[in-house]
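Please keep the sequence and the model in view while reading.

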Amino acid sequence: MANKNEYLEEAYNTLLELSADEKKRLEYEAREKAIRDYNSNISYARQEGEQIGEKRGEARGIKKKERELILNWTRKGREVSEMAELLELSESEGRQVQAENREQECTE
């Protein structure tokens, strides 16, 4: 308890000292504002980064699913153009995915 009172007394004395000196108080407030601004900017940047990462992840997931669908579709002997149309891809995009799937199967 004695230590707690020491710390409170020290903080109170510092507050009195800062309050007594207008220039020091203004400098202190400016430092505190700079710290708050920095923390706010970091938080905002982190949120933006998370949103960008989520969008990239969703796009990758969609592409992966498209590849799986085209591969399964062609394994059943159906035309790539039909699946590409259903996935709202161009036929050349569908064929490109099909070719990439073939290459991937050869390396596995």
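With which residue does Lys-33 form a salt bridge? The points below begin with that pair and then turn to the chain as a whole.

1. **The pair at Lys-33.** The model under review is a predicted one. In this model, the partner of Lys-33 in a salt bridge is Asp-37, and their closest N and O atoms are 2.7 Å apart. The two residues both belong to helix α2, which covers residues 22–75. They are four residues apart, about one turn of the helix. Lys-33 is partly exposed, its relative accessible area being 45%. Asp-37 is likewise partly exposed, at 33% relative accessibility.

2. **The number of salt bridges.** The structure holds three salt bridges.

3. A salt bridge joins the side chains of Lys-65 and Glu-68, with an N to O distance of 3.6 Å. Both residues lie in helix α2, where three residues, or about one turn of the helix, separate them. Lys-65 is partly exposed, with a relative accessible area of 45%. Glu-68 is partly exposed as well, with a value of 33%.

4. **The pair at Glu-66.** The side chain of Glu-66 meets that of Lys-63 in a salt bridge, at 3.7 Å from N to O. These residues are three apart in helix α2, a separation of about one helical turn. Is Glu-66 buried or exposed? Its relative accessibility is 11%, so Glu-66 counts as buried. The limit that matters here is 20% relative accessible area, because a residue under that value is called buried. Lys-63, by contrast, counts as partly exposed at 41%.

5. **Other neighbours of Glu-66.** Apart from residues up to four places away in sequence, Glu-66 touches Leu-87 and Leu-89.

6. **The surroundings of Trp-73.** Trp-73 is another residue of helix α2. With a relative accessibility of 16%, Trp-73 counts as buried. Which residues does Trp-73 touch, if those up to four places away in sequence are left out? They are Arg-78, Glu-79, Glu-82, Met-83 and Leu-86. For one of these, Met-83, the C-alpha atom is 7.0 Å from that of Trp-73, although the two residues are 10 residues apart in sequence.

7. As for pairs between aromatic rings, the count comes to zero.

8. **Secondary structure.** How many helices does the protein chain have, and how many strands? The chain has four helices and zero strands. Read from the N terminus, the order of its elements is α-α-α-α. The radius of gyration is 31 Å, well over the 13 Å given by the globule rule for 108 residues, so the chain is more spread out than a compact globule.

9. The C-alpha trace spans about 85 × 30 × 25 Å along its principal axes. Of the 108 residues, 13% count as buried; Glu-66 is one of the buried residues, and Trp-73 is another. The accessible surface of the chain amounts to about 9,300 Å², and carbon and sulfur atoms account for 50% of that area.

10. **Contacts across the sequence.** Among contacts in the chain with a separation of 6 or more, 29% are made by residues 24 or more positions apart.

11. Ile-42 is found in helix α2 and counts as partly exposed at 34% relative accessibility. Its C-alpha atom is separated by 39 Å from that of Leu-87, a residue 45 positions away along the chain. Lys-55 also lies in helix α2, and at 60% relative accessibility it counts as exposed. Between the C-alpha atoms of Lys-55 and Gln-104, which are 49 residues apart along the chain, the distance is 25 Å.

Methods:
Residues numbered from 1 in each chain as written. Predicted model: local features only at pLDDT ≥ 70, side-chain atom pairs only at ≥ 80, totals over all residues. Heavy atoms only, no water. Salt bridge = Lys/Arg side-chain N within 4 Å of Asp/Glu carboxyl O. Buried < 20%, exposed > 50% of the residue type's maximum accessible area, 1.4 Å probe, protein only. Contact = heavy atoms within 4.5 Å. Phe/Tyr/Trp six-rings, centres within 6.5 Å; stacked < 30°, edge-to-face > 60°. Rg over C-alpha atoms; globule rule 2.2 N^0.38 Å. Areas by Shrake-Rupley, 256 points an atom, 1.4 Å probe, with all protein chains shown as cover.
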